[in-house]
Amino acid sequence: MAKNEPKQLRTSMSRLSWRWRPRIKNNSSGDAERFSERFEGGDRRHLLQALSALVGGGALAAMSRPAAAKDLSELPPPRRALTGRDEAGKSVFKSFDVTSKVVEIDSNPGLTFYELYMTEGVPRLTGLEPDPMLSGTKAFPGPGGTMFRLISYPPRRPEGYKPPPGVTFESALQEMSEKVPGMGDHFERGTPGMHTSDTIDYGIVVRGEMTLELDDGAKVHLRQGDCVVQNGTRHRWRNPLPEPCLMAFISVGGKRG
């Protein structure tokens with residue numbers, strides 16, 4: 001073993017050597033010698049490469065990803081810690097629970113908006129403001145305003161899937177606009193899913209995976225932890241997995257140049 005190899009790797013090699021060598025204890029001494037030679041040669045290099053991948057987390061992440069995705073629909077709804085100040089000016093937790101504004105879209109089962117917070121103009125930061133979500137929500141903020149939300153996207157629909165009885169494209173957009181005022185107005189009628197808003201949107205994949213599509217079919221595949229900066233561009237989202245995807249968005253209102 002080379003002296004400059006990481007201590008963790010040397011330890012792993014030692015353990016593997018201890019586990020593997022007893023498997024040839026009943027073989028002839030010649031077989032044992034040939035095994036040792038292969039271990040010290042090409043096989044040893046392959047083992048080092050495999051261990052390096054494991055230590056780096058790549059192989060481990062690949063193995064654990066399906067198990068993690070399988071549990072997405074069983075996870076509880078996300079909670080929001082809302083801070084503020086009391087009458088003495090001391091910082092306090094106003095609440096730590098599921099947000100007061102959760103919007104489920106019945107026409108698209110599984111599509112859920114967790115409306116977390118919004119501001120308009122320059123916030124005063126007194127800490128005494130009531131939870132703005134108690135007064136309702138809106139699609140996107142005006143210039144200088146912000147919107148913080150989580151969106152849970154339903155799994156990829158199986159082939160032959162049909163929406164709930166009586167649901168049409170127009171009725172689905174109408175429901176969305178009623179529950180998240182104005183949201184349906186941003187979606188195109190001729191290209192389902194495509195929409196545009198006068199905002200910069202900071203997005204991150206919290207759980208699951210998502211495909212982001214722009215004009216002319218340009219796509220990028222996003223995995224857990226990947227981020228997006230959406231500069232007021234035309235786009236749509238597609239969940240490629242048979243499991244839900246949870247994304248976080250912060251939208252900042254702007255003006256078209």
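I'll start with an open sheet of 3 strands, ordered E8-E7-E10 and paired antiparallel. A strand here is a DSSP run of E, at least two residues, numbered from the N terminus, and two strands pair if DSSP finds at least two bridges between them. This is a predicted model, where local features need pLDDT of at least 70 and side-chain atom pairs count only at pLDDT 80 or more, while totals for chains, interfaces and linings use all residues. Residues are numbered from 1 along each chain as its sequence is written, and side-chain values use heavy atoms, with hydrogens and water left out.

At the edges sit strand E8 (219-222) and strand E10 (236-238), each pairing on one side only. Strand E7, residues 210-213, is joined to E10 by 3 bridges. Within that pairing, Leu 212 has Trp 237 of E10 as its bridge partner.

Trp 237 brings us to the largest nonpolar core, which has 22 residues. Such a core is a set of buried Ala, Val, Leu, Ile, Met, Phe, Trp, Tyr and Cys residues joined through side-chain atoms within 4.5 Å; buried means under 20% relative accessible area, with a 1.4 Å probe and protein chains only. Trp 237 is among the members touching the most others, along with Leu 111, Phe 113, Tyr 153, Met 183 and Met 247. Strand E11 (245-253) gives the largest share, 3 residues.

What does Leu 111 contact, leaving aside neighbours within four places in sequence? With contact meaning heavy atoms within 4.5 Å, the partners of Leu 111 include Val 103, Ile 105, Ile 151, Tyr 153 and Met 176.

Notes
Helix = DSSP H or I, 4+ residues; strand = E, 2+ residues; numbered from the N terminus. Buried < 20%, exposed > 50% of the residue type's maximum accessible area, 1.4 Å probe, protein only.
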